[in-house]
Amino acid sequence: MSVEVRNLSFSYGKREVLSNISFRAEAGELIAVMGPNGAGKSTLFRCILGLSPKYDGEIYIGGQEARRIGIAKLARHVAYIPQSHSPVFNFSVFDIVLMGTTSQVSAVNIPGRKQVDLANTVLKDLGIEDLKHRGYMQISGGERQLTMIARALAQRANILIMDEPTSNLDYGNQLRILSTIKNLTNEGYTIIVSTHNPDHALFFSDKVLALSNGRIVNHGSSVDVISNDLIKQLYDVDVEVKSLYESNVRFCIPKSVTDT
Amino acid sequence: MPERSSRLKNNIVLLALAIGLAAVTLVSFLIGRYPITPYELISILLSKIFPTEPFWTDRMEAVLFNVRLPRILLACLVGCSLSAAGASYQGIFQNPMAAPDVLGASAGAAFGAALAILNDASGSMITLSAFVFSLVTVALVYIISKRAKGSKILGLILSGIMVSSLFSAGTSFIKLMADPNDQLPAITYWLMGSLAGTKSGELLFAVIPMALGLAILLLIRWRINILTFGDDEARTMGVNAKRVRLIVIICATLITATSVSVSGMIGWVGLVIPHLARRLVGNNYRHLMPASMLFGAIFLLVVDNISRNLMTTEIPLGILTAFVGAPFFIYLITREAGIT
C-alpha cells in the first residue's frame, strides 16, 4: 500500500513547522526521514497518523484521503512504532502484542483465537517467542523495540511509521533492529522511518527525505541524496561520505577523523 | 501452550474468587446478633423454592430477608463498584494511584448528604441528594477540564482536586451551620460510611445504576488496556481514546456516586483492591476488571461483617477500611516488586 503526501503544510499557531511537503512512498518502499531536531519529522508523522489532522494539503493512504478514513480502518492500514518507552503498567510482552490486534475486534469484545494465533505468529517471525511471558518492564531496550514492532505487525497494517527506532539502543541492538526493518521492506511493508544517523539511512539503501526547518532539502535515493554538503546543511558538521566494495556500501566519516 | 496456561491460571483465580465470594456471603447470613444456624439458613432458603412447613420463627425469616439479605447484597455491590471504579480510573488516567473519588464523586456526595441533613430531610432524600450532587460534581469537573489547556488527563485530575476541595469547604461550612446536638453528629456519622440499617429500598435504588455501570465497564475492559498507552498511541491502534475515556468516566461515576450515596464515604477499597488484584492476575484488564470486582465484593463484605459484629455498637466502615487498607498498602509498596 502506498503513501502519498501532497503539498502538506502545518502550523502550530503562527509558527509554520511543515511547508509544502510532497513525496510518495510506493508499496514495499522504505523512506528514511532525516533532519535535525525541530526539522518537522515528528509533525510529519503526526499528520500521516491522523493525530494532527488540521493540515493544509492532502495525504493519501492507498489512494484514499487519510482524513476520510475512520480511526479503526486507518489503524488497519497504518501502524505506529514508538520509541521503546516505559508504560505505566507492566504488561507481558504477549499481552502488548495482542493489544495490537484491537482494531480487528469490536469495542465490546476481547481478541479471540484468531488474534491470539496472529500474535504468536508475529512473535515467532521476529524471533522473540521466548520473551512472551516476560514483563515489558523487565526486558532490554532492544527487546522492547522488537515488542513494539511486533505490536505493529499484529495490527496487520501495511504501512509502518517508526520514530527513531534505534535511539537509546546499544550498538548490537541498533544493528539488529536495522536488519529487522530491512527484512520487513523485503516482505512488502511500506516503511517511513525517522533517523538522525546518516549511516542508518545508507544501510537501508532506499530513499531519503531530508528535512530542515519544515522544508524538503533533498529527496531521492540515499546514494544520491546523502552527501558531504547535505550533512553539513542538516547538522552543521563536516563529514566525508566514503564507499567500499565497489560503491555497494557507503558510510560517513567525520572530517575531524580524516584530517589527522 | 504457555499463554493458554497463564490464561488458565487467571481463570482459576477468578473461579476461586467467585467461590470465595459465595462462601463469604453464606457465612455472612449466619453471623449477627440474632443467631441463625446453617441448617436453619438452608431450610429457610430452600423453603422459598420447595414450600415446607416452617420449624423456624417468623422473626428469623424476617431478619434473614429484610435485614441481612439487603445489607449483604449492598455490601457486595458497593465493594464491587468502588473497586471497579478505582481499577478503571487507574487505567484511563495512566496512574496507579487513582481512586474512585479522583473526579470529585465523594466530595460531591458528602456535600449533598450534609445539605440534606441540614434541611432535616428523610433518609431516602439524603441518599438522593448525595447521588445527585455526586453526579453534578463530576459533570462540573468534566466541563471545567474541557477548557483546560494542555494534557487532558492532567486537566481532569487537577479540576477534580480543585472542585473536590470547593465542595469539601462547602461541607465544612454546612457542619458549622448545623445544629451541634443532632445534625452535626448525623453528618459526621454519615461521612464515616456505614451500611447499618440498609433497607431493601436502598438496594433497589442502587442495583440498576450499579449493574448498568459494572456491565459496561466489564464489556469495554479490553479497550482500557489500550488507553494506558496514552491517547495518541491508542488512536494509532484504532481506539478513540476520548470516547472510551468518556464512557469509562460516566460508568465509573455512576457506580461511585451510587455507592457513596447509599453507604457514605468508604475509602481505600478502590485503591487497595485493584492493586491486590494486579498481584493476582496481572495488569491486563481482561482479568483485572473481573478480579477487582469479585475481590472488592469479598473485602467489603468481610469488613462489614466485622463492622456489625466486633463491638456492641457498629464501627463505621470508613474507619475499618482505612485501618485495614493503609497498613496493607504499606505492606504492598515495601515488597520488592513495587506496587505495579
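## A loop between two helices of chain B

Asp120(B) is exposed at 60% relative accessibility, where exposed means over 50% relative accessible area, buried under 20% and partly exposed in between, computed with a 1.4 Å probe on protein chains only. The residue sits in the loop between helix H4 (105–118) and helix H5 (123–147) of chain B, helices (H or I, at least four residues) and strands (E, at least two) being DSSP runs numbered from the N terminus. Although Asp120(B) is a residue other than glycine, its phi is positive, near 55°. In the loop between H4 and H5 of chain B there is also Ala121(B), which is partly exposed with a relative accessible area of 27%. With neighbours within four places in sequence left aside, Ala121(B) is in contact (heavy atoms within 4.5 Å) with Ala116(B) and Ile126(B).

## Basis of the values

This is a predicted model, in which local features need pLDDT of at least 70 and side-chain atom pairs count only at pLDDT 80 or more, while totals for chains, interfaces and linings use all residues. Residues are numbered from 1 along each chain as its sequence is written, chains are lettered from A and ligands numbered from 1 in the order in which they are written, and side-chain values use heavy atoms, with hydrogens and water left out.

## Helix H6 of chain A

Helix H6 (residues 171–186) of chain A has 16 residues, which at 1.5 Å a residue should span 22 Å, and this agrees with the 23 Å between its end C-alpha atoms; the expected span is 1.5 Å times one less than the number of residues. The buried residues of H6(A) are Asn173(A), Gln174(A), Ile177(A), Leu178(A), Thr180(A), Ile181(A), Leu184(A) and Thr185(A). Because they cover an arc of only 160° around the axis, they lie on the same side of H6(A), the arc being that of the directions from the helix axis to the C-beta atoms. On the face turned away from this buried side, H6(A) carries the exposed residues Tyr171(A), Arg176(A) and Asn186(A).

The buried residues of H6(A) pack against several elements of chain A, namely strand S3 (30–34), helix H5 (141–154), strand S7 (159–162), strand S8 (190–195) and helix H7 (198–204). At the start of H6(A), the backbone nitrogen of Gly172(A) has a side-chain oxygen of Asp170(A) within 3.1 Å. Just after H6(A) comes Gly188(A), with a positive phi of about 105°.

## Aromatic pairs and charges over rings

A pair of aromatic rings is described by the distance of the centres and the angle of the planes. Rings of Phe, Tyr and Trp (its six-membered ring) pair if their centres lie within 6.5 Å, with planes under 30 degrees apart counted as stacked, over 60 as edge-to-face and the rest as tilted; by this rule there are eleven aromatic pairs over all chains. For Phe203(A) and Phe204(A) the ring centres are 6.1 Å apart and the planes stand at 75°, so the pair is edge-to-face. Phe203(A) is partly exposed, with a relative accessible area of 31%, whereas Phe204(A) is buried at 5%. The rings of Phe55(B) and Trp56(B), with centres 5.0 Å apart and planes at 75°, are edge-to-face as well.

Arg151(A) lies over the face of Phe229(B), 4.8 Å from the ring centre, and Lys48(B) lies over the face of Phe65(B), 5.0 Å from the ring centre.

## Helix H11 of chain B and what follows

Helix H11 (residues 241–263) of chain B reaches 32 Å from the first C-alpha to the last of its 23 residues, close to the 33 Å expected at 1.5 Å a residue. H11(B) is mostly covered, with 18 of its 23 residues buried, and is followed by Gly264(B), whose phi is positive, near 80°. In the loop between H11 and helix H12 (269–281) of chain B lies Trp268(B), which has a positive phi of about 75° although it is not a glycine and is partly exposed, with a relative accessible area of 32%.

## A loop residue of chain A

Val108(A), in the loop between helix H3 (93–99) and helix H4 (113–125) of chain A, is partly exposed at 42% relative accessibility. Not counting residues up to four places away in sequence, Val108(A) touches Leu219(B) and Ile220(B).

Definitions and conventions:
A polar contact is a pair of N or O atoms within 3.5 Å; within protein, one must be able to donate a hydrogen and the other to accept it, and residues adjacent in sequence count only if both atoms are side-chain atoms. A charge sits over a ring if NZ of Lys or CZ of Arg is within 6 Å of the ring centre and within 35 degrees of the ring normal.
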